[in-house]
Amino acid sequence: MPTLAVLVGTLVNNSRLSDLRAYIDARLSALEKVMDARFDAVDARFEAAHQELLRVEGVLDARLSHLEDRR
């Protein structure tokens, strides 16, 4: 009888561990989706800032070229 109790306890414990693993996997998957969305937003902001800096660089280059031509 004790052997049967140990076997049942082991099976129940194994089932609980499988449930815990599935729960953790689901939570990590959800976290991964949230982090991907945030990184995409940050990437978009960096790209917008990069384009703005390229525009400013073009304006400054044009002004400098104009000053050099007048000199």
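Q: Where is leucine 31 in this model?
A: In this predicted model, leucine 31 sits in helix H1, which covers residues 2–70.

Q: Which nonpolar surface patch includes Leu31?
A: The patch is formed by Leu17, Leu20, Tyr23, Ile24, Leu28, Leu31, Met35 and Phe39. Together these residues have about 780 Å² of accessible area.

Q: Changing topic: how many salt bridges are there?
A: The count comes to two salt bridges. Side chains of opposite charge can pair when their charged atoms come close.

Q: Which residue pairs with arginine 21, and how far apart are the closest N and O atoms?
A: Arginine 21 pairs with aspartate 25, and the closest N and O atoms are 3.9 Å apart. Both residues lie in helix H1, four residues apart, which is about one turn of the helix. Arginine 21 is exposed at 60% relative accessibility, whereas aspartate 25 is partly exposed at 42%.

Q: And what about arginine 55?
A: Arginine 55 forms a salt bridge with glutamate 52, with 2.6 Å between the closest N and O atoms. These two are three residues apart in helix H1, again about one turn. Arginine 55 is partly exposed at 47% relative accessible area, and glutamate 52 is partly exposed at 40%.

Q: How far is leucine 53 from arginine 38?
A: Leucine 53 and arginine 38 are 15 residues apart in sequence and 23 Å apart in space, C-alpha to C-alpha.

How values were computed: Residues numbered from 1 in each chain as written. Predicted model: local features only at pLDDT ≥ 70, side-chain atom pairs only at ≥ 80, totals over all residues. Heavy atoms only, no water. Patch = residues over 30% accessible without salt bridge, like charges linked within 9 Å, V, L, I, M, F, W, Y side chains within 5 Å. Areas by Shrake-Rupley, 256 points an atom, 1.4 Å probe, with all protein chains shown as cover. Salt bridge = Lys/Arg side-chain N within 4 Å of Asp/Glu carboxyl O. Buried < 20%, exposed > 50% of the residue type's maximum accessible area, 1.4 Å probe, protein only.
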